[in-house]
Each structure stands twice: as C-alpha cells, then as structure tokens.
Amino acid sequence: MVKQGKYEEALKIIMEDLPLPGVLGRICPHGCEDACRRSEVEAPVAICKLKRLAADQFDPRKVKIECLPARKEKVAIIGSGPAGLSAAYHLARRGIKSTIFEALPLPGGMLRVGIPDHRLPPSVLDQEIEVITNLGVEIKTNTPLGPDLSVDDLLDGDYKAVYLATGAHKGIELGVPGEGAEGVRQGVDFLKEVNLTGRADIGKKVAIIGGGNVAIDVSRSVIRLGAEEVTIVYRRTRSEMPAWEEEIHAAEEEGVKIIYLSAPQEIVVKEGRVSGVRCIRMELSEPDSSGRKRPVPIPGSEYDLEVDQIIPAIGQRADLSAFEDVTGLNFSRWGTADVDTVTYAAERKGVFAGGDLQTGPWIAIGAIAAGKEAAESIVRYLDGEDMAEGRKPMGNENPVYRPIPEGQLVQARLKQNELPLKERIGNFNEVELGFDEESGQKEAERCLNCGYCSECYQCVEACL
C-alpha cells in the first residue's frame, strides 16, 4: 500500500527496473495488471494507475538514480522510442554513456507520434525523457540513418556497439482499388501529423478501417478535430477486436460508430477524390493462426458507405530502407529484425536490435523490456562475456497460488476520475485523470498478496 508521504520511495522501487513510470501509468492498462491474479473476488488491482499516482505526486526527475562509475566506451542507439530510451537508461546505470539518433524532430518515438495527447500528454513524456538525459544520455533529433549516417560510420567511429530500435512506423495498405485517391491517409501518418503539429486535414464523414488501438486513437482524434461523422469498419466482432475495451467504450461515448463484420472491397472515387467505400458483410469461420475466428465474405452482401476521407489502420511494419546496406543484419519474411531472441544480437558483432523492429508492433512495456535486455547484452559484449549465459526464458509451469482468505470482502475495482464528455470537445486535454490519494490507497488495499510469491513468473512475463 502506498501511504501519504511515501511516493518518492514508491518511485524509487518502480524505477529500479523501469524508466517512464508516469508514461506507463497512462498507456499500459494490461501487462502488470494481467500478472495480478484474476479471481472470484473481482478484477485485478489497477497497478498501472497506482504507478501513475506515485509519478504524479512526486517529480521523477528528483528521484536519485544510482549509476556505476563512468566507462570510456560509448554506444549508439538508433531510435528514441521506448526500446531505445530503456536501453539508454539501463546502460547509463551501468556507467555506459550512449547517444540516441532520432529521425523525428522530437524524441519519444511512437510514444510521441503514435499516442494522442488526450491519452499521453507530451509534458509527461518530456519530463520522463529528461530523467534519462539527466543521466548523461545525448539525443540527436532530425538525425536518421541514411546516406549521412550509417551503422558502419558509427562502428568505425566512436561507438563500440549499435542498438537498432527504430520501431514500426510504416502503415500497411488495404490492397483494394482506389487506395491512391486523394482523401486516403494512413493512420500512423495521420497521428504523427496531429501529434507533431496539433492539426491535420479531415473530412466531414470519415471512415477508419481496422480494430486495434491505432484505429481507436485515430477515431477519437478525428472527433476532436471536428469531423461530423466518424465510423470504424472492422471485419470481426467486438469480442475479437484487439483494441482495449476501455478505449472502445470511450470512443463510442465520444460519438464514434463501429460497424462490425464488414470489410472494404473498393474505395469509391469521383474526380480523383474519395466519395465512399464499398464494403462487404463478413461472417466468422474457423479460428486462424491468431486464435481468432477467421472472417469470410458473404457473397452478394456488398453495400456503399458514403464518406469523404478513409484512414486505414490495419497494422504497421518497420521501414527497412535504412538497413539495406547493413551487413550481418537479416530480416524475417515478416519484415522484422532476425536477431537472437535472448540476447538481441545480430550476426554482425556489435549490432543489436529490439522493440517493434524485432517483434513487429507490440505494447510499450514489451519494447521497454527489450531495451533492458539489450543493455545487459551490450554490457556483456563490451566486457567479453557470454551474452546468453543464465538468460534462458523462465517458464510458468505448475504455478502455486496462495489461497484467498476465507471471508475476503468483495471489493470492486475503483474507477479513476475522467474528464467529462462535454469538456473533451475540440481539444486534446487528458481524459483519464487517475486516482486521487484517497482512492489510490483504497485501490491498493484490494491487493490480496496472492503473488508473494506464487512462482507463476507472470510478473517477469509482464515487465521483465
């Protein structure tokens, strides 16, 4: 339980392993909470919101981060997203200074350009990046890999190792006729423009194609920018939708409509511009490789949806154009970096890769964990040690849980404060406002301590 006056101590504990506590307290509603045992006594403890409470009550920049004495070696990190920032943080704690090279004008990667301000205020991100730069990490923005900066240049120069963490910033196309028309815009590109400039051109009637968190983020952003009608078209049902339920609910509250079991067949174009989207109804068949039921078209069920802007948000991948000339770095048929899954090392000595570049699009805490593990590998590489020794992934076979005490009081999970609907119109003010101190303490008291320690290793799985 977090007691009044103890927020600094709580942050110290959190930041022993994880940077960006306030960021993760806003955008990581699963992960560590999935590690909290779900039981008949109600939903898991809102662990991330409690982390946020600590971060909001005490400035993380004032937390003293213990670092080992400085070493002479330097490491280059490509990308200032969660994987790159995490690697820089953990290297600094081991006494190794790094330089982060970022292609965008501001640091943060997808934390900066992929998550709207109403979910993650940029001031919070800036403050927690400052925690990392205060440790001696240098960030060079507007500095992409390319003709003027290559992995060879870095390794032949001042850097003894290179960690590639460029993320997955390239949207996947729908692959339907008419996609090149004016009025079609990739979701990741749309969010990038909105997050960097605060605006973007939008239509009156907008259709977003997809069912993940990017589709939801786009829809809620379009609403805030003044679109009259916003519709999400998703090929499966709500239960298969990969977006978080709380985000789906928030989008609907704000006026977004969702059409389920429907997929685009063609973009209707008039005079070179979008005038609609032709869709077909779907039905669910046997599960596919993702474990979800496979959607199949229903013949003769086509219909037209009248819109003047279409924003695909069906997935992302890494832009590999900057890596074409990097020797000893291979990629899978899915376009992800082919590196050792334990050490994150590439075939070429001194080159490592992680985050979405290695896994494909995933959650921020996964990228942060990858950065931490890559930092461990880089330290061992510089010291000439075995990078894999003792680092085989732990399993969770035969977990043993502590029993729930008899007569345990059933307590529903507390709801955090939220910005009223009428105050969200026309702005990107933060919607989820977190717990106040009293609510945070009540929520913490719900903990059953059933993982002390049940050896299920779900905490490791969630946060490493």
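Select Tyr-344 in the loop between strand 14 (316-317) and strand 15 (351-353). Helices here are DSSP runs of H or I with at least four residues, strands are E runs of at least two, and both are numbered from the N terminus. This is a predicted model, in which local features need pLDDT of at least 70, side-chain atom pairs count only at pLDDT 80 or more, and totals for chains, interfaces and linings use all residues. Residues are numbered from 1 along each chain as its sequence is written, and side-chain values use heavy atoms, with hydrogens and water left out.

Check the backbone of Tyr-344. Its phi is near 65°, a positive value in a residue other than glycine. Is Tyr-344 buried or exposed? Tyr-344 counts as buried, at 10% relative accessibility. (Buried means under 20% relative accessible area, exposed over 50%, and partly exposed in between, with a 1.4 Å probe and protein chains only.)

Now pick Thr-343, in the loop between strand 14 and strand 15. Thr-343 counts as buried at 5% relative accessibility. Show its contacts, meaning heavy atoms within 4.5 Å. Leaving aside neighbours within four places in sequence, Thr-343 touches Phe-352, Ser-377, Met-387, Ala-388 and Arg-391.

Move to Glu-271. This residue sits in the loop between strand 9 (262-270) and strand 10 (273-287). Glu-271 is exposed, with a relative accessible area of 85%.

Next, select helix 11, residues 245-253. Which of its residues are buried? Colour Glu-247, Ile-248, Ala-250 and Ala-251. Look down the axis of helix 11: its buried residues fall within an arc of 165°, so they line one face of the helix. That arc is taken over the directions from the helix axis to the C-beta atoms. The buried residues pack against helix 10 (213-224), strand 8 (257-259) and strand 17 (432-434). Just after helix 11, stop at Gly-255, with a positive phi of about 110°.

Helix 10 and helix 11 pack at an angle of about 25°, with their axes 10 Å apart. Axes are lines fitted to C-alpha atoms, for helices over the stretch in contact, and angles run from 0 to 180 degrees between N-to-C directions. The two helices are therefore roughly parallel to each other. (Under 35 degrees is roughly parallel, over 145 roughly antiparallel, 65 to 115 roughly perpendicular, and the rest oblique.) On the helix 10 side, the contact uses Asn-213, Ile-216, Asp-217, Ser-219 and Arg-220. On the helix 11 side, select Glu-247, Ile-248, Ala-250 and Ala-251.

Compare with helix 1 (residues 7-15) and helix 4 (residues 47-57), which pack at about 120° with axes 9 Å apart. That angle makes helix 1 oblique to helix 4. Show Tyr-7, Ala-10, Leu-11 and Ile-14 of helix 1 against Lys-51, Leu-53, Ala-54, Ala-55 and Gln-57 of helix 4.

Finish at Pro-19, in the loop between helix 1 and helix 2 (21-27). Pro-19 is buried, with a relative accessible area of 1%. Draw a distance to Leu-85: the C-alpha atoms are separated by 8.1 Å, for residues 66 apart along the chain. Leaving aside neighbours within four places in sequence, the contacts of Pro-19 are Leu-24, Ser-86, Tyr-89, His-90, Ile-132 and Ile-368.
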